[in-house]
Amino acid sequence: MMTSDPYFDLPDPVRQSQFYSGVAVKRGLAWVIDTAITFALVLPILLMTAFVATFFLPLLFFTVGFAYRWMTIAGGSATWGMRMMAVELRNAGGQRLDGGEAFLHTLGYTVQWAFPVLQVVSIVTMLASERGQSLTDMVLGTVALNRRA
């Protein structure tokens, strides 16, 4: 059967709304958890460098955060924060993200944070779109779903 819906293999947001219910809020809470985890990963580096790393702290935080997000999404289609919130990312085919998709998703997330206007627009699209997608999700054809029990 041919369909023009690029998200044909994903749960329908109207008929299966339980997959999307509360995901935007959960993603926000997951972001707080992930930021705390990233800080916890950066802290030992600061200590091991006798705080010399504070001179390039934003770059260090960015690099550690990028690696953390990429590896955790590639390993389980969700960051640890998303896992705690029972949310996972899926591609348009309904599959978990592979390493390449995880890299692109993390890159898109990072670009959004580099340009605050994009981040604000992304938050609005998460709250307003029927599938709760961020800008990166829309570009890549990914969605965040409540994890299946």
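These questions and answers cover one arginine, a strand pair and a helix pair in a predicted model.

The model is predicted, so local features need pLDDT of at least 70, side-chain atom pairs count only at pLDDT 80 or more, and totals for chains, interfaces and linings use all residues. Residues are numbered from 1 along each chain as its sequence is written, and side-chain values use heavy atoms, with hydrogens and water left out.

Reader: Is arginine 131 buried or exposed?
Author: Arginine 131 sits in the loop between helix H5 (116-128) and helix H6 (135-140). Helices (H or I, at least four residues) and strands (E, at least two) are DSSP runs, numbered from the N terminus. Buried means under 20% relative accessible area, exposed over 50%, partly exposed in between (1.4 Å probe, protein chains only). At a relative accessible area of 6%, arginine 131 is buried.

Reader: Which residue in E2 is the bridge partner of valine 87?
Author: Two strands pair if DSSP finds at least two bridges between them. Strand E1 (residues 87-90) and E2 have 4 bridges, in the antiparallel sense. On strand E2 (residues 143-146), Val143 and Leu145 are buried on one side, Ala144 and Asn146 on the other. The E2 partner of valine 87 is asparagine 146.

Reader: How many charged residues are in the contact of H2 with H4?
Author: Contact means heavy atoms within 4.5 Å. From helix H2, the contact includes Phe62, Arg69 and Trp70; from H4, Phe103 and His105 are among them. Ala, Val, Leu, Ile, Met, Phe, Trp, Tyr, Cys and Pro count as nonpolar, Asp, Glu, Lys and Arg as charged, and the others, Gly among them, as polar. The contact has 9 nonpolar and 4 polar residues, and the charged count is 1.
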